[in-house]
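Subject: A structure to look at

Hello,

Here is the structure I promised to hand over to you. Have a look around it first, and then read on for what turned up.

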Amino acid sequence: MARTSRHEKKKTFSNIGETTPVPEHPSLEEVYEETPFSEAFWTYLNYVMLNIFGWFRDLLRNARIENRKGSAENNPTGFVPLYQSYESFYTRNVYQRISDCFNRPIGSVPGGKLDVLERVTDDYNWSFQFTGNKITSINLGSYNYLGFANNSGHIAENVINTIKTGGIATASTTQEFGTLMQHRKLESLLAEFLGTEDAIAFGMGFATNALNIPSLVGKGCLILSDELNHTSLVLGSRLSGATIKVYKHNDMIHLEKLLRDAIVSGQPRTHRPWRKILMIVEGVYSMEGSLCKLPELIELKKKYKAYLYLDEAHSIGAMGSRGRGVVDYWKCDFKDVDVLMGTFTKSFAAAGGYIAGNKDLINHIRTTSHGTAYATSMSPPVVEQITSVLHLLLDDNEEHEGHRRISQLAWNTRYFRQRLTKMGFIVYGHPHSPVVPALLYSPSKIAAFNREMLKRGVAVVTVGFPATPLVLGRVRFCLSASHTKEMLDEVLKHAEEVGDLLNMRKSKLNPKRPFHQTEF
Amino acid sequence: ILDTYTTGLEMFSNIRRFFKFIHWLYLQYLLNTALYMLEPWERLLFSTLLIGILSTAIYSAFVFLPHHVRSLMQLIS
């Protein structure tokens, strides 16, 4: 599949050879087009209507005219009511009406194509029944950037053999009996892949962030974190007890101002100098598709003597000419970033997370982290999957599979993003990130887009409030190296049809053009 | 004259396109006012209210506007 499209690429598009544009720092701009006034107006009207009908239906439910499905309680006197906050109102009256678009069960391996189990509902999405059919659709919702989520092939064979020899569970925490030879081999391979001195791997990616930030910083330290950081980073920062200051997304001027103010005024009440300053950023932000500005961050770090924590959950394996993440993409030195963190869920098609850095740092984490003391270590088949993928990616030979997948993903990203923006959709993010959010603004358009695309055989993920800001609902396409050019063309044709149906192709920067006029 | 005359077959596709356009307008109405997410009886309720208010306004305009405009002109002159 991937092989044929690479041949096509060599035939027709001869100047697309690079996976990163130039050897110097790329100066591609991230464009965030502002919301058209009509879309903002209709979205607010949507929410007003949903609120009015929500109050009306709640009145009917409380007066027992209507049957109460979902969580309800009898409100006994003297007790605080349980379900009165706006969050439960929103869930009952907005989320529940379109909940057939979310949490869909799947019936196959989530590779390039996916089998979605068909469901019908009798009572407007309060309960579902399976019809037994499977809808085969093109999968643009899984985090499968390098296309390793398969159930056949030589990596799957390795994993099955490891189950037979090594078992399924390690049945212990890392500090007790849970470190096997495979874990040590994985960690040294990781350190070689990333160019650092040492690395340590954990069984869960969320827990890697949440449980290791407390062992790096504590009371009396300062954490500067980006506005759009992931919940795991926010939870870890709060758990550590350090002072947290938030800066606007990717705004280096605001960050520098915060740094200078913090260094001058010191700790909150005593005005003593801070023990440590840690800047927490992500490589690729998954809801915006934007990249962090790493060269400027490293310059700031050196000037003000702070530490940098880089969370490469979505960017490891997916960005860079050799697949080594954003540090490779921006051509920076790996030794400049103090703590490199990443997960194995996205590009490696396994589960777990890692932290890489100096040997002293990793030794400290090995002894003091909550994750090593209380959490079970990674199970052997998962370790084997990651080790096999790492062997493929470390191989620098151009013809072999690792490099082929990385170039295929880079080509897919640029092709898909160019054509989607030229067709008139409003798309956020950096032109090279494999996460492509196209804006849909209102909850009814989110639901409509999702259902219409599934009717045409494309499975996408659409998100609204509260994962995104209130007015900015979006559809998020996650590209993969297992998508061929034909699959992407089909997706783009269907997106054009559905975009016309919903009247969503109204970008002013890129006025809409039909599909056949948007060639490279 | 030969260019402006549509044959019988073309008329069918034009009618079909017209109905498709009306259906598209109805879909825009449903999407923009959040009626797409509501149940059929709620759609009926809201549409009835909306048509009732609009038709009352238009009827009142037809009946009372000429008299209002005439008295305003008399006041000005």
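The largest pocket has a volume of about 980 Å³. Its lining counts 44 residues, and the closest to its centre are A:Leu228, A:Asn229, A:His230, A:Glu282 and A:Ser286. Before we go further, please keep in mind that this is a predicted model, in which local features need pLDDT of at least 70, side-chain atom pairs count only at pLDDT 80 or more, and totals for chains, interfaces and linings use all residues. Residues are numbered from 1 along each chain as its sequence is written, chains are lettered from A and ligands numbered from 1 in the order in which they are written, and side-chain values use heavy atoms, with hydrogens and water left out.

Rolling a probe the size of a water molecule over the atoms shows where empty space is left. On a 1 Å grid over the protein atoms alone, a cavity is a set of points where a 1.4 Å probe fits but cannot get out, while a pocket is an open set with protein on both sides within 12 Å along at least five of seven lines; lining residues have an atom within 4 Å of a point. Grid points are joined across faces, edges and corners, and a volume is the space filled by probe spheres set on the points.

Which element gives the most to the lining of the largest pocket? That is H7(A), with six residues. Helix H7 (231-240) is one of the elements of chain A that each supply at least two residues, and strand E4 (222-226) and strand E13 (473-478) are also among them. (Helices, H or I with at least four residues, and strands, E with at least two, are DSSP runs numbered from the N terminus.) By type, the lining divides into 19 nonpolar, 16 polar and nine charged residues. Here Ala, Val, Leu, Ile, Met, Phe, Trp, Tyr, Cys and Pro count as nonpolar, Asp, Glu, Lys and Arg as charged, and the others, Gly among them, as polar.

The second largest pocket holds about 780 Å³ of space. It is lined by 35 residues, and A:Cys101, A:Phe102, A:Asn103, A:Val461 and A:Thr462 lie nearest its centre. Helix H3 (86-95), strand E1 (113-120), helix H15 (443-455), strand E12 (461-463) and E13 of chain A give two or more residues each; H3(A) gives the most, with six. This lining divides into 23 nonpolar, nine polar and three charged residues.

**The domains**

Chain A is divided into domain 1 (32-139 + 420-520) and domain 2 (154-394), with bounds that come from an automatic or database domain assignment. Their centres, taken over C-alpha atoms, are separated by 31 Å. Their contact (heavy atoms within 4.5 Å) takes 14 residues from domain 1 and eleven residues from domain 2. The lining of the largest pocket draws at least three residues from each of the two domains.

**The sheets**

Seven strands of chain A form an open sheet with mixed pairing, in the order E3-E9-E8-E7-E6-E4-E5. Strand E3 (198-202) and E5 stand at its edges with a single partner strand each, so one side of each is left without a neighbour in the sheet. A:Ala201 stands opposite A:Tyr354 in E9(A).

Three strands of chain A form another open sheet, in the order E10-E13-E12, with antiparallel pairing. Its edge strands are strand E10 (435-441) and E12, each pairing on one side only. E10(A) and E13(A) are joined by six bridges, and the bridge partner of A:Val435 in E13(A) is A:Cys478.

Where is A:Pro466? Its place is in the loop between E12 and E13 of chain A, and the peptide bond from A:Phe465 to A:Pro466 is cis, with omega near 0°. A:Ala171 lies in the loop between helix H4 (154-166) and H5 of chain A. Phi of A:Ala171 is near 55°, a positive value in a residue other than glycine.

Enjoy exploring!

Terms used:
Pairing = 2+ DSSP bridges.
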